[in-house]
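Biologist: Hi! Could you walk me through this model? I'd like to start with how you define your terms.

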Amino acid sequence: MALNLFKKSAKKLDDYSLKHGVGLVAYDDPSSVISEQFNTIRTNIQFSSIDKELHSILFTSSAPSEGKSTVSNNVAVSWAKQDKRVILIDADLRRPTIHKTFNVSNKSGLSNFLLGTASLEEVIQPTMIENLFVITSGPTAPNPSELLSSKKIQKLFQILTTKYDFMILDAPPVNSVTDAQILATKVDGVILVVPQKIADKTGVTHAKKALEIVHANVLGAVMNRMAKDKMKGYYGGQYGGY
């Protein structure tokens with residue numbers, strides 16, 4: 001019997017991560033089953049591109065509150081623990097969470113750099129995790145799409161990918177705003193996060209097509225929030241399907 005991966009009815013999602021950040025199980029409980037699944041996702045991404053080594057990856061989803069921040073942040077932790085220098089960017093200038101997750105200041109971040117009111121050195125912040133650095137969103141700007149499509153962000157990405165082993169972007173949902181499509185053209189690969197029984201099949205299909213229209217390199221999808229009894233592998237758990 002095929003798994004029922006998409007929602008049957010509308011389900012209201014909360015904004016908990018906006019107020020408190022997301023859970024960093026890869027840091028808080030590194031020996032757990034879920035942490036190991038994030039390590040598996042990291043490994044699968046590394047081997048997903050045969051001809052080109054990946055240095056920049058964008059995580060997005062079809063709709064808000066579907067787990068893209070949880071997956072991207074934990075995969076960033078997993079990479080940093082492999083002694084790789086990682087820069088994690090909160091590219092969701094409308095609903096940022098990274099400053100809450102890592103308990104760092106959001107007074108100066110990506111929006112400040114793109115507006116020319118802060119230098120790159122001023123917006124990069126270390127975290128409690130060795131080798132992992134973050135650029136928070138910064139104060140909300142009135143024109144996020146225009147900022148993210150500027151030539152300055154392309155130059156920023158060029159600099160960061162020479163200084164760090166991996167650059168990871170936590171981007172807005174594809175179907176909500178055009179930001180993810182804009183950014184997807186500037187990175188090596190895109191991962192679509194799809195929560196079981198929450199994501200809408202039509203919405204996910206639309207998001208994938210939208211990314212393909214701008215010629216984004218869609219590496220695959222991460223199915224999250226999967227029920228343990230639906231997982232047939234040795235580990236089971238909540239993440240899989242990459």
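Modeller: Happy to. Buried means under 20% relative accessible area, exposed means over 50%, and partly exposed is in between (1.4 Å probe, protein chains only). This is a predicted model, where local features need pLDDT of at least 70 and side-chain atom pairs count only at pLDDT 80 or more, while totals for chains, interfaces and linings use all residues. Residues are numbered from 1 along each chain as its sequence is written, and side-chain values use heavy atoms, with hydrogens and water left out.

Biologist: Thanks. So is Asn103 buried or exposed?

Modeller: Asn103 counts as exposed because its relative accessibility is 71%. Asn103 sits in the loop between helix H5 (98-101) and helix H6 (110-115). Helices (H or I, at least four residues) and strands (E, at least two) are DSSP runs, numbered from the N terminus.

Biologist: What about the phi of Asn103?

Modeller: Asn103 is not a glycine, yet its phi is positive, about 55°. His215 is not a glycine either and has a positive phi of about 65°. His215 lies in the loop between H11 and E7 and counts as exposed, at 71% relative accessibility.

Biologist: Let's zoom out. How many helices and strands does the protein have?

Modeller: There are 11 helices and eight strands. Of the 242 residues, 52% are buried. Among contacts (heavy atoms within 4.5 Å) with a separation of 6 or more, 78% are between residues 24 or more positions apart.

Biologist: You mentioned H11. Which of its residues are buried?

Modeller: Gly203, Val204, Ala207, Ala210 and Leu211 are the buried ones in H11. Down the axis of H11, these buried residues fall within an arc of 125°, so they line one face of the helix. That arc is taken over the directions from the helix axis to the C-beta atoms.

Biologist: And what covers that buried side?

Modeller: The cover includes strand E1 (56-61), helix H10 (179-184), strand E6 (189-195) and strand E7 (218-224). The face turned away from the buried side carries the exposed residues Lys201, Thr202, Lys209 and Ile213.

Biologist: How does the length of H11 compare with what it should span?

Modeller: It agrees: the 13 residues of H11 (residues 201-213) should span 18 Å at 1.5 Å a residue, and the end C-alpha atoms are 18 Å apart. The expected span is 1.5 Å times one less than the number of residues.

Biologist: Switching topic, what lines the second largest pocket?

Modeller: The lining consists of Ile45, Gln46, Ser49, Lys52, Glu53, Leu54, His55, Ile57, Trp79, Lys84, Asp165 and Phe166. By class, that is five nonpolar, three polar and four charged residues. Ala, Val, Leu, Ile, Met, Phe, Trp, Tyr, Cys and Pro count as nonpolar, Asp, Glu, Lys and Arg as charged, and the others, Gly among them, as polar.

Biologist: What counts as a pocket for you?

Modeller: On a 1 Å grid over the protein atoms alone, a pocket is an open set of points where a 1.4 Å probe fits, with protein on both sides within 12 Å along at least five of seven lines; lining residues have an atom within 4 Å of a point.

Biologist: Last one: where is Ile98, and what is it in contact with?

Modeller: Ile98 lies in helix H5 and is buried, with a relative accessible area of 0%. Leaving aside neighbours within four places in sequence, Ile98 is in contact with Asn73, Leu88, Ile89, Asp90, Val134 and Asp170.
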